[in-house]
Amino acid sequence: MVHIEESLQVPRDFEGFGEEGFDPKWPNGARIAVSFVLNYEEGGERSVLDGDKISEPYLWEKGASGGHKENARYLNAEHDFEYGSRSASWRIMRLFKEFGWNFTTYAVAMALQKNPKFAKALIRDGHEVAAHGLRWIDTWDYSLEEDKEYIKKAILLIKEVTGEFPVGAYFGRGTPQTHMLFPEVWKSVGAEFLWSSECYNDDVPYWLDLPQEKSLPDNEKKGMLLIPYNYDCNDGKFHMSPGFGSSVAETYEQYLKNTFDCLYREGGKLMNIPLHTRIIGKPGRSEALRKFMKYVSEKEGVWVTTRREIAKHMHENFPYKPNGAWVEGK
């Protein structure tokens, strides 16, 4: 049963920044910030060898027709996930090295633990490693204390494997309050927390007033920076319906270009490109991604960056102030 901690719930906001919008004033006058995000989940998904009843049926090459076998290993699914870690991960690293860009990794802690060479390479090449849960499983029925412990184990394991604490998080699964617990748990292990991407409701970062800080004096409130994420540009849609189509990489490429063109024209926006090693790392799809990257590289005023750098920009230029006063900036 889902546990709802009423004191940690945030009301819905249908107005946002309104007609006026909000301009984050990206560095060097950039018109757009582009954030590539690599979801690294291979080895953290459901597996009979890890005590689950089934092999992972979600987001792999056979899609909805993949199915699963109860209480038995499904090697087809296992091997598709292994392709992501064994082969595709390095293809993606080579691709970003070609353009000299860095991405943010949404890292499932146990997945990184099973591929330590890749974990070390991420740090070596300057990519950001953020927290994406301890495993790639649903935790929607966790109690408040189980929730906190799960988050804590994830960030401590990432620190153990990479040598660095993550400064941001996107779990994408969890209870109605998982994301509201991030600042508290990070603080409990003595780590810095800069951003969360547990939101999909805007094209720009924004500060959230934390309900647990409601009774504090304004000068003691910290808030939480949200850097919105999206599903529409997510390569996972190759395996979702409606989606890009398993073998139609050109549809994906064109959709990314259309999104970029709109946000670039508007100015002051953030574009997310969510990726998965086992999906975009397949040769035909990675080539479509490369074409999009080349397209972006030929434009002026583009800031391709990590979410850590976006967070640092916001902390420096639009430090948190309660009740929306932060919008005014320094």
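Predicted model: local features only at pLDDT ≥ 70, side-chain atom pairs only at ≥ 80, totals over all residues.
Me: Why is H313 called buried?
Reply: Buried means under 20% relative accessible area, exposed over 50%, and partly exposed in between (1.4 Å probe, protein chains only). H313 comes in at 8%, so it counts as buried.

Me: And what does H313 touch?
Reply: Skipping residues up to four places away in sequence, H313 touches P24, K25, W26, P27, W303 and F318; contact means heavy atoms within 4.5 Å. H313 itself lies in helix 9, residues 307-317. Helices (H or I, at least four residues) and strands (E, at least two) are DSSP runs, numbered from the N terminus.

Me: Why is V2 called partly exposed?
Reply: Its relative accessible area is 38%, so V2 falls in the in-between class. V2 sits in the segment before strand 1 (32-40).

Me: How do you know that the buried residues of helix 3 are on the same side?
Reply: In helix 3 (residues 116-124), the buried ones are F118, A119, A121 and L122. They cover an arc of only 160° around the axis, so they share one side of helix 3. That arc is taken from the directions from the helix axis to the C-beta atoms.

Me: Which exposed residues does the face turned away carry?
Reply: K117 and R124 are the exposed residues there.

Me: What covers the buried residues of helix 3?
Reply: The cover includes strand 1, helix 1 (75-99) and helix 4 (144-162), among others.

Numbering runs from 1 along each chain as its sequence is written. Local features need pLDDT of at least 70, side-chain atom pairs count only at pLDDT 80 or more, totals for chains, interfaces and linings use all residues, and side-chain values use heavy atoms, with hydrogens and water left out.
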